[in-house]
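I open this page to keep a record of what I looked up, entry by entry, with the cut-offs written beside the terms.

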Amino acid sequence: MSSCGNPSTESDALMSRRPKFDKSKHCVKCKVALGNIVIRHAVYCKECFFSLVAFKFRRALEPFVNAKPDGPRRTALKPAGNLLLGFSGGLGSTVLLDLVHRSYIANRKDELRRDGGKDHPRHDKVWKRVIVCYVELCDALPGRKDKISEVAEAVAQYEGVEFVPLRVQDAFDPLWWRCIYGEDAVSQLRINLENDELTSMLTNPLSTNPLESLRSYLSSLPTSTAVCSALHALTRVLLLHTAAETDSSHLLLGTSLTSLAISLIRGIGQGAGFNIEQEIQEEWLSDIRPPNFDSNDRANENQKGVRVIRPLRDVGLKECAFWAWWEKLRIVGEDRTGWPDSRQEIGGLTKDFIMGLEKDYPSTVSTIVRTCAKLSPRGEVSGKCVLCERPAQEGVQEWKSRISVRTTAQSVDATAPPLPAPLQADNASATRLASHLCYACHTTLTSRSARPPPPLYLSATKTSSTTLPVWVAPRIMRKVGEDEMRATVQEFLIEE
Amino acid sequence: MPPKTCALCSSARAILKRPKTGQQICKDCFFYVFETEVHNTITEAQLFKPGDRVAIGASGGKDSTVLAHVMKTLNDRYNYGLELLLLSIDEGITGYRDDSLETVKRNQEQYDMSLKILSYDELYGWTMDAIVAQIGKKNNCTFCGVFRRQALDRGAAILNVDHIVTGHNADDIAETVLMNIMRGDIARLGRCTSICTQGEDTIKRSKPFKYAYEKEIVMYAYFKKLDYFSTECIYSPDAYRGHARAFLKDLEAARPSAIIDIIHSGEAFEIKEVVKATQKIQQTCKRCGYMSSNELCKACTLLEGLERGMANAGVTDRARKKMDAEGPAPENLRIIPFFQQPAAPHRTDISIADTST
Ligand SMILES: [Zn+2]
Ligand SMILES: [Zn+2]
Ligand SMILES: [Zn+2]
Ligand SMILES: [Zn+2]
């Protein structure tokens with residue numbers, strides 16, 4: 001239809017351009033100092049800017065620190081576990097680390113010294129441990145420098161903070177997984193990406209070369225968009241399981257208002273509308289039991305829940321940049337080297353689009369975030385997606401086959417391509433992964449474009465099947481250990 | 001390279017690559033999947049009942065020309081039992097609508113459907129040419145959109161139909177999802193992906209091409225040799241929508257499923273109950289009886305602004321207040337005829353309705 005053929009064209013919500021800032025040169029907050037920065041038309045002085053950002057940070061975080069979200073009046077902060085901070089070395093997470101340190105580590109020490117009373121209960125640390133986790137992508141993307149030691153150095157600037165470096169290939173490493181969940185949880189699936197049902201089966205013996213598995217996985221993906229979103233998802237889930245491993249009740253991410261708006265639109269562009277809520281804030285529960293798990297211990301069970309919070313969700317990219325500048329923070333990461341061309345990839349296109357739009361219509365990012373915060377998922381949850389570990393909507397496979405007819409009646413049985421040999425070998429254990437995936441992950445694995453992505457690695461050989469991340473198989477086919485069997489039949493066993 | 005065989009029937013030679021799935025298929029299989037997907041859309045949403053009188057909003061452009069053909073084909077093939085009619089709106093844009101109305105008239109003969117043409121001039125006393133002459137090219141899409149929507153409903157009432165189908169395609173809907181998020185239009189966001197909308201007292205309106213790609217609609221017209229006119233409006237569209245459209249095209253190029261993926265996203269969320277409670281409730285316009293979220297409907301507000309020489313009154317709140325401050329509307333103001341619901345016999349049971357407006 002022509003542009004005005006759409007009845008929803010109405011300009012009552014038309015964006016209008018406004019002058020860069022309102023008339024006064026003085027800070028809107030203290031009204032005394034001369035302004036140093038303009039934030040969405042309002043002028044602030046440096047001092048007031050710092051307290052504004054710190055206020056926004058606490059407002060987005062503190063009501064969610066206690067297990068039961070607080071009412072308006074703040075009670076004492078008593079998180080159920082430690083704090084894990086996902087650190088990419090980019091602007092957002094660098095500022096986040098600075099704010100966390102300033103609010104919960106440095107300040108506390110100052111207070112202790114001032115009041116002298118070390119035993120005073122008010123001065124208990126909010127977080128027993130603050131752990132910074134960095135996931136190194138250099139082995140996944142060509143031409144990137146390994147920055148683990150640089151990041152370690154940057155993190156070491158802050159006392160009272162632990163550092164956990166990971167490599168993205170850990171997502172394919174049975175040893176890494178075994179450390180967290182024990183021997184019983186270790187199994188691996190191989191998947192055939194040639195068909196939309198995604199036939200998959202157990203890998204036997206285990207693939208013990210994580211780097212090779214990672215590269216084969218990324219090389220098998222059909223689009224550049226898929227490569228980028230797979231890397232985001234691998235990083236995210238690595239952080240979640242690290243949170244579980246470190247007994248963290250909270251995982252903080254340095255997503256700014258601007259990057260949140262970008263990731264919301266990026267998610268919508270990839271069919272992840274059902275997970276808008278998780279993109280803003282997420283409650284994640286590991287459903288893999290750690291080896292020392294005691295099913296009678298309620299407290300232990302609660303501890304495995306992780307709340308993912310983005311405390312900079314109200315702070316724009318520009319504000320982050322000013323914070324980093326005035327605090328003289330070093331941005332170690334922030335580097336697009338090796339990532340697929342942003343013009344070929346939904347995430348990159350979305351970023352360029354939003355950043356461009358924000359120049360002309362400065363309220364765009366906050367409008368996007370505000371709008372998305374008013375949405376909730378529609379329809380039933382069929383379970384947790386085995387790949388991204390977010391709630392999956394029921395009926396997506398039926399939806400897809402209704403909306404895009406990919407077979408005609410006569411072609412279904414007669415001409416369906418036979419399963420490739422390696423997957424036929426042990427048909428008993430073959431599953432259709434498609435039914436365990438959310439819409440967006442299924443799209444990541446199956447949706448093609450006219451041009452396949454350029455090869456990431458010179459050496460990568462395209463195989464008909466590829467190993468999946470270590471968290472997939474245990475959720476589909478779990479080996480049931482002796483202890484668990486015993487627990488199930490416990491009451492029927494007669495004590496010897 | 002040897003000729004590729006069709007990925008669907010494996011017998012005929014593939015002559016096209018489906019924009020939606022990338023599959024290489026033959027012409028007959030393309031017709032089959034295209035029509036079947038529209039049929040799936042219609043049956044899944046239970047849009048019609050046998051005996052329904054259905055008006056096709058026909059502009060002579062590609063979407064509605066193909067829609068008329070597909071509706072006729074499916075109605076015959078699957079015995080929907082529908083009585084199909086054509087309804088055209090003449091906006092009064094010189095050199096823009098004249099040719100495309102010829103297409104509609106030809107469809108009327110080809111498909112043996114009755115046709116009603118309703119003009120803005122007849123209904124509002126203003127042609128789009130006259131409106132643009134007064135207000136310039138800025139914001140004219142606001143007028144056109146509001147006036148067309150109401151004109152379709154009124155035309156449908158005159159024809160006494162149960163249902164209007166329009167040619168909105170998947171690209172339009174995906175674009176609207178993005179627009180509504182970026183503009184924060186939460187009420188529209190909540191309903192823009194529903195296949196069928198029906199307010200308290202308006203006629204059912206649905207979009208059978210909701211999942212049909214614009215490129216495939218053109219492809220269908222091309223292979224079926226259906227001719228149509230470009231209905232790209234000669235007056236400039238709004239810039240913000242233009243950005244959203246260009247962005248969507250980029251996403252589609254990166255990954256063709258993006259259009260359908262965005263629509264899926266839009267269907268996978270809804271407005272939180274607490275937010276819904278704060279939305280304006282729907283009422284009827286005190287002047288013309290059409291549904292409205294204010295005392296006066298959008299069309300009446302726009303028309304009053306035009307008549308009183310304050311055209312922006314319907315566009316911005318500030319201009320609206322300014323007009324109100326200049327006193328009430330004069331007695332002799334030209335107004336839209338009062339809206340009367342058609343007394344349709346089938347309108348009592350509603351198979352699918354989204355009344356969350
Ligand atoms: Zn100040
Ligand atoms: Zn998923
Ligand atoms: Zn064929
Ligand atoms: Zn009215």
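I looked up Trp471(A) and found that residue in the loop between strand S15 (465-467) and helix H17 (473-476) of chain A, where helices (H or I, at least four residues) and strands (E, at least two) are DSSP runs numbered from the N terminus. I note that this is a predicted model, in which local features need pLDDT of at least 70, side-chain atom pairs count only at pLDDT 80 or more, and totals for chains, interfaces and linings use all residues. Residues are numbered from 1 along each chain as its sequence is written, chains are lettered from A and ligands numbered from 1 in the order in which they are written, and side-chain values use heavy atoms, without hydrogens and water.

Trp471(A) has a relative accessible area of 0% and is therefore buried (under 20% relative accessible area; exposed is over 50%, partly exposed in between, with a 1.4 Å probe and protein chains only). Leaving aside residues up to four places away in sequence, I listed the residues that Trp471(A) touches, among them Trp176(A), Trp177(A), Leu238(A), His241(A) and Glu389(A), a contact being heavy atoms within 4.5 Å. Leu387(A) is also one of the residues touched, and its backbone oxygen lies 2.9 Å from a polar atom of the Trp471(A) side chain.

Next I turned to the metal in chain B. Which residues coordinate the zinc ion (ligand 3)? I found Cys6(B), Cys9(B), Cys26(B) and Cys29(B), each through SG, at 2.3 Å; donors are N, O and S atoms within 2.8 Å of the metal (3.2 Å for Na, K and Ca), and since water is not among the atoms, sites may look incomplete. Along the chain these donors follow the spacing C-x2-C-x16-C-x2-C. Cys9(B) lies in the segment before strand S1 (16-17) of chain B and Cys29(B) in helix H1 (residues 27-44), so the pair ties together parts that are 20 residues apart in sequence. Both Cys9(B) and Cys29(B) are buried.

My last entry concerns a record: the unreviewed UniProt entry carries a "binding site" annotation that includes Gly167(B) and Asp172(B), and such annotations may be inferred rather than shown by experiment. Gly167(B) sits in the loop between strand S6 (163-165) and helix H7 (170-183) of chain B, and I read it as buried because its relative accessible area is 0%. Asp172(B) lies in helix H7 of chain B and, at 5% relative accessibility, also counts as buried.

Definitions and conventions:
Polar contact = N/O pair within 3.5 Å; in protein donor to acceptor, adjacent residues only side chain to side chain.
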